[in-house]
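Me: Hi! I have a new protein open on my screen and would like to get to know it. Can we go through it together?

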Amino acid sequence: MLIGCGDSEREFHTCPNSSRLEVRILVTLDSTSFTGSRAMKVNLDVQSLRSFIKVGELRGFTRAAHALSLTQPAISQQINRLEELLDVALFIRENRQVLLTLEGEKFLRYAKEIVACNDKVGTLFPKDKKRETVTLGMPEHFCERVLPGIISSMAIHFPAIQMVVKVAR
């Protein structure tokens with residue numbers, strides 16, 4: 001008989017030809033149980049996370065590679081690196097079928113959140129935004145009095161404009 005209790009499971013067995021009861025306790029801890037120096041800190045590669053998500057969704061390395069315009073060995077290498085970094089198996093690989101492990105299911109949710117957050121950061125600095133440049137020339141003796149006011153006013157009223165100052169002697 002197996003009984004679960006919080007972070008542990010107890011297994012009870014009666015020994016044949018005896019009135020003795022054998023108790024086995026299996027304790028499992030998840031990573032949230034650890035704090036301080038025992039907590040695992042990792043640096044995850046976003047492209048590897050994208051590959052992991054796609055393999056999980058399409059249930060195949062070759063299909064994921066095709067969808068991401070990568071080679072199958074590249075996808076395999078990224079997944080292997082993730083598994084080594086996290087020290088868990090993320091997929092069960094049998095024949096040509098690929099299924100997420102329990103750890104892989106947990107990690108999938110976080111991987112999607114990390115990729116979504118990464119993509120949001122990209123919207124903060126759009127590439128198609130063109131910056132206008134204004135060049136300002138002035139004699140050296142005006143710089144100390146006039147230039148600080150001009151720079152601060154430009155920064156407040158025209159934050160997207162880049163200002164280049166040329167000072168003549």
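**A helix and its core**

Reply: Happy to! In helix α4 of this predicted model, the residues G104, F107, L108, A111 and V115 are buried.

Me: What do the buried residues of α4 pack against?

Reply: They pack against α1 (46-58), α3 (72-86) and β5 (97-100).

Me: And how many residues does α4 have?

Reply: Helix α4 runs over residues 102-124, which is 23 residues. From first C-alpha to last it reaches 35 Å, close to the 33 Å expected at 1.5 Å a residue.

Me: Which residues touch the most other members in the largest nonpolar core?

Reply: That core has 19 residues, and F52, V55, F61, L90, F91 and F107 touch the most other members. The elements giving two or more residues to the core are α1, α2 (61-68), α3, β5 and α4.

Me: What does F52 touch?

Reply: Leaving out residues up to four places away in sequence, F52 touches I79, L82, L90, F91, L100, G104, F107, L108 and A111.

Me: Now the whole chain. How many helices and strands are there?

Reply: There are 5 helices and 7 strands, in the order β-β-β-α-α-α-β-β-α-β-α-β along the sequence. Of the chain's 169 residues, 20% count as buried.

How values were computed:
Residues numbered from 1 in each chain as written. Predicted model: local features only at pLDDT ≥ 70, side-chain atom pairs only at ≥ 80, totals over all residues. Heavy atoms only, no water. Helix = DSSP H or I, 4+ residues; strand = E, 2+ residues; numbered from the N terminus. Expected span 1.5 Å × (residues − 1). Buried < 20%, exposed > 50% of the residue type's maximum accessible area, 1.4 Å probe, protein only. Contact = heavy atoms within 4.5 Å. Core = buried A, V, L, I, M, F, W, Y, C linked by side-chain atoms within 4.5 Å.
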